[in-house]
Amino acid sequence: MKKILLLLLILAFGLRAYRVGLPVLKEDEFTTVKAAAYIYHCQNDPNQCRQQPASLKNKFLALITGNETVPNFGAEIYWWDFIKDKASEIHHSRAWPQLYAVAGVYHWLGINEFSSRLISVIAGSLLVIAGYWLSRTLGSSIRLSLLYGALLAVAFPLIDFSRNARMYSLYILVYMLLVGCIYRSRWLAAGLLFLLAYWLQLLTLILPLALLVWAGWERRRRLVGGLLFGFFGLAV
């Protein structure tokens, strides 16, 4: 079983990494590259960092609301102007955990198409392992779980996501792990994964609403109470 999983992982990585650095950057990949490039230059030279005044309250509100246009406690990121070779005035912190990961790769491989997409390639490849684990968590057999992992490895839409510099491939991986942790009632891990998923993609907020409906249907009163308390606290 482990050997088959390893082969599927190698297959998934090969399909995603093959010539991934040759196609030029396109469409919204530039937003990721410009933001990650700013982090890279700021970390290399603090004089390149740009800061704008913001109160602790506003930074906290920006963090919990996912406002990408103003600084938050987690990140203050601007688009890098490659022509002027300095930070622009445009703040962009959408999916900031992924931006920091891409910037980390830039320190290792420089700024180029391959390094910009490497995080997505790795995350997309790991879907094979995460998918097998989720399938087994939900009670599927080993054979069915391996089949699911194989489908994740060769699915064309997922391969396309994994060859793009945006956050989507990493988000799919985190969300899959989040669902598995919720199903197994590992609430601490689920909470951390939920925050990571939320800061990658705001649509994650659909999940607690769906969970509330399910908990009400299943009459899980403690879970309903906890979710309602969380919603109330967020509103306050």
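Predicted model: local features only at pLDDT ≥ 70, side-chain atom pairs only at ≥ 80, totals over all residues.
1. Leu188 and Leu192 are exposed on the other side of α9 from a buried set made up of Ala190, Leu193, Ala197, Tyr198 and Leu200. Buried means under 20% relative accessible area, exposed over 50%, and partly exposed in between, with a 1.4 Å probe and protein chains only.

2. Residues are numbered from 1 along each chain as its sequence is written, and side-chain values use heavy atoms, with hydrogens and water left out.

3. Helix α9 takes in residues 187-200, and its 14 residues should span 20 Å at 1.5 Å a residue; the end C-alpha atoms are 19 Å apart, which agrees. The expected span is 1.5 Å times one less than the number of residues. Helices are DSSP runs (H or I, at least four residues), numbered from the N terminus.

4. What covers the buried residues of α9? The cover includes α3 (56-65), α4 (96-109) and α8 (168-183). Leucine 178 touches Ala190, Leu193, Phe194, Ala197, Thr204 and Leu207, not counting residues up to four places away in sequence. Contact here means heavy atoms within 4.5 Å.

5. The largest nonpolar core has 35 residues, of which Tyr106, Leu170, Val174, Met176, Leu178, Ile182 and Leu200 touch the most other members. The elements that give two or more residues to this core are α2 (29-44), α4, α5 (113-137), α8, α9, α10 (206-217) and α11 (221-235). The most comes from α8, with 8 residues. A second, separate core of 15 residues includes Ala37, Cys42, Tyr78 and Leu99. A nonpolar core is a set of buried Ala, Val, Leu, Ile, Met, Phe, Trp, Tyr and Cys residues joined through side-chain atoms within 4.5 Å.

6. The structure holds 1 disulfide (a pair of cysteine sulfur atoms within 2.5 Å). Cysteine 42 is joined to cysteine 49, with an S to S distance of 1.8 Å. The link of cysteine 42 and cysteine 49 is right-handed, with 100 degrees about the S-S bond. Cysteine 42 is buried, at a relative accessible area of 17%, whereas cysteine 49 is partly exposed, at 29%. Cysteine 181 is buried, with a relative accessible area of 8%.
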